[in-house]
Amino acid sequence: MWLAGLPTAANKHRFPPATLQIACFTERPEERNGVVLPNALLRRFPVAVAAERAEAWKELWPLVLQSLYCGEVIVTHCIAGRHRAGGASALIRAVMMGETFEDASDWIAQRRDTDVPGFCRDKEAAKWLQETVKNTKRRDRWPRPSGYLATPRSALHLQGFKLVPLCMHHQKTDKAQRLTDPMFTEDGDEAVAWDRPWCRACLARAPASWMPRDAGSE
Ligand SMILES: [Zn+2]
């Protein structure tokens, strides 16, 4: 998980190969003279916008968690990478590591020139971050997807274990359902060519690298 300033056409070669790019503002990076990194899924997390951050976090968190569980690279940025992205990174680190928001923010400040206390002068934002650290749960991980499954009449699922769609996978029992005679492929283009609608429940359990870049991207 990386904390950075805005990726641009001029500096994008210096970024790690991220599968998930979290822009901590409302606009797309292009509207701020930035870029979406190659092969990255863009998600926006406007952490300074009271009316938007809670909903954005609810959607973002499962994706962040599963992507980190699967060892994928996440780049979190705002413009300078000091305030908003610092606050967002401290939130993610605090929940992942079971730390307080302050400890996570101090840990980050020792490694990068951030000013999270500056961001937290917005008292409402500071309170929201504190409460969100307390209220966000780290659930167990889902299996890493290993291919695509569908029947001529089903949705397009991601495979968890052998012929079991991720959405039917149970973490604590082995009573998982299998599809009957599904088509299977490891090739994303082939799967999309089956022309089945995506299973939203499977996508909700997928890391960023397995999210469709057309429909699922912003
Ligand atoms: Zn599914």
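Reply: A residue is called buried if 20 or more other C-beta atoms lie within 10 Å of its own. Please keep in mind that this model is predicted.

Me: What makes Ile74, Val75, Thr76 and His77 of strand E4 buried?

Reply: The cut-off is 20 or more other C-beta atoms within 10 Å. The residues of strand E4 (residues 74–77) are all buried, so each of them meets that cut-off. Ile74 and Thr76 point one way from the strand, and Val75 and His77 point the other way. In a regular strand the side chains alternate between the two faces of the sheet.

Me: How do you know that strands E1 and E4 pair?

Reply: Pairing requires at least two bridges between the strands. Strand E1 (residues 2–4) and E4 have three bridges, in the parallel sense, and therefore they count as paired. Ala4 has His77 in E4 as its bridge partner.

Me: Why is strand E2 also called a partner of E4?

Reply: Four bridges join strand E2 (residues 20–23) to E4, and at least two are needed, so these strands pair. They run parallel, and Leu20 stands opposite Ile74 in E4.

Me: What makes residues of domain 1 and domain 2 count as being in contact?

Reply: The domain assignment gives domain 1 (2–135) and domain 2 (148–210). Their C-alpha centres lie 30 Å apart. Contact, however, is judged residue by residue, because the test is whether two C-beta atoms lie within 7 Å. Nine residues from domain 1 and six residues from domain 2 take part in the contact. On the side of domain 1, helix H1 (residues 50–69) gives the largest share, four residues.

Note on methods:
Residues numbered from 1 in each chain as written. Predicted model: local features only at pLDDT ≥ 70, side-chain atom pairs only at ≥ 80, totals over all residues. Buried ≥ 20, exposed ≤ 12 C-beta atoms within 10 Å, placed from the backbone. Domains from an automatic or database assignment.
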